[in-house]
Amino acid sequence: MELDAIKALIRDVPDFPEPGIVFKDITPVLADPIAFSTITDLIVVHFGRGNIDKVVGIEARGFILASPVAYHFGAGFVPIRKLGKLPWKTVGEEYDLEYGTATLELHRDAVAPGERVLIVDDVLATGGTAAAAASLIEQIGGKVAGISCMIELDFLHGRDKLPGYDIFSLLHY
Ligand code: AMP
């Protein structure tokens, strides 16, 4: 399936979840069996089987994309969650939102030192979320092998917060 056809499935929802935000709704892509599997396959082909030990999904839509990617790599799946959701010992990282801050957490034993980790999320916007995720993985000794998003909002320059990382986004706006 061509990327343009996948892009055509993404639904722009103006003023959600707050005025001024154009929300990129990926649910029509997830519901389309060819589009969903194409996205998964392209991520795995870009980074290559045998090169990734753990795939980290960022709550909540990142979980949906990261799980089939992990399965196809033959890698483990690891969740990064919002503050207070993970049951075991965690490391935490605070990051800036448009208004205020938020904290993401990762289990301290989720990644072994030296393991090659791919971060997966739905949208790369300002880059704060992905930068916090990369920091968490590095705090426990993991090596960030790459960051993959279905959508990158180029006009927000999220990449500038992520120097030196292999960032692979399938659709650009
Ligand atoms: P950021 O930290 O600014 O890069 O924001 C990335 C996170 O916010 C991702 O986990 C996305 O799910 C979510 N996000 C940011 N902007 C949008 C948008 N326009 N549409 C959908 N999700 C978004």
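Which residue with a positive phi follows helix 5? In this predicted model, helix 5 is followed by Gly141, which has a positive phi near 95°. The surroundings of that helix are taken up below, after the overall architecture.

The chain contains five helices and nine strands. Along the sequence these elements are arranged in the pattern α-β-β-α-α-β-α-β-β-β-β-α-β-β. The radius of gyration is 15 Å, which agrees with the value near 16 Å that would apply to a compact globule of 173 residues. Along the principal axes, the C-alpha atoms occupy a box of roughly 40 × 40 × 30 Å. Of the 173 residues, 43% count as buried. Among contacts in the chain with a separation of 6 or more, 57% are made by residues 24 or more positions apart. The accessible surface amounts to about 8600 Å², and carbon and sulfur atoms contribute 56% of this area.

Helix 3 covers residues 33-47. The N-terminal end of helix 3 is capped by Asp32, which places a side-chain oxygen 3.0 Å from the backbone nitrogen of Ile34. Just after the helix, Gly48 adopts a positive phi of about 90°. The buried residues of helix 3 include Ala35, Thr38, Ile39, Thr40, Ile43, Val44 and Phe47. An α-helix has 3.6 residues a turn, so residues three or four places apart point the same way. The packing partners of the buried residues of helix 3 are helix 1 (3-9), helix 2 (27-31) and helix 4 (61-73), together with strand 7 (116-124), strand 8 (143-152) and strand 9 (167-172).

Ser148 belongs to strand 8. This residue counts as buried because its relative accessibility is 0%. A polar atom of the Ser148 side chain lies 3.2 Å from the backbone oxygen of Phe168. Leaving aside residues up to four places away in sequence, Ser148 touches Ile43, Phe47, Leu118, Ile119, Val120, Asp121 and Phe168. Of these, Ile43 and Phe47 are among the buried residues of helix 3.

Helix 5 comprises residues 128-139. Its 12 residues should span 16 Å at 1.5 Å a residue, and the distance between the end C-alpha atoms, 16 Å, agrees with this. Gly128, Ala130, Ala132, Ala133, Ala134, Leu136 and Ile137 are the buried residues of helix 5. They pack against strand 3 (54-58), strand 4 (76-82), strand 5 (90-96) and strand 6 (101-107), as well as against strand 7 and strand 8. Strand 7 and strand 8 also pack against the buried residues of helix 3.

A polar side-chain atom of Arg61 lies 2.7 Å from an oxygen atom of the ligand. For Asp122, a polar side-chain atom likewise lies 2.7 Å from an oxygen atom of the ligand. At Lys24 the backbone is involved, with a polar atom 2.9 Å from a nitrogen atom of the ligand. Taken alone, the ligand exposes 490 Å², and 81% of that area is buried by the protein.

Note on methods
Residues are numbered from 1 along each chain as its sequence is written. This is a predicted model: local features need pLDDT of at least 70, side-chain atom pairs count only at pLDDT 80 or more; totals for chains, interfaces and linings use all residues. Side-chain values use heavy atoms; hydrogens and water are left out. Helices (H or I, at least four residues) and strands (E, at least two) are DSSP runs, numbered from the N terminus. The expected span of a helix is 1.5 Å times one less than its number of residues. Buried means under 20% relative accessible area, exposed over 50%, partly exposed in between (1.4 Å probe, protein chains only). Contact means heavy atoms within 4.5 Å. A polar contact is a pair of N or O atoms within 3.5 Å; within protein, one must be able to donate a hydrogen and the other to accept it, and residues adjacent in sequence count only if both atoms are side-chain atoms. Accessible areas come from the Shrake-Rupley method with a 1.4 Å probe; for residues, only the protein chains shown count as cover. The radius of gyration is taken over C-alpha atoms; the globule rule is 2.2 Å times the number of residues to the power 0.38.
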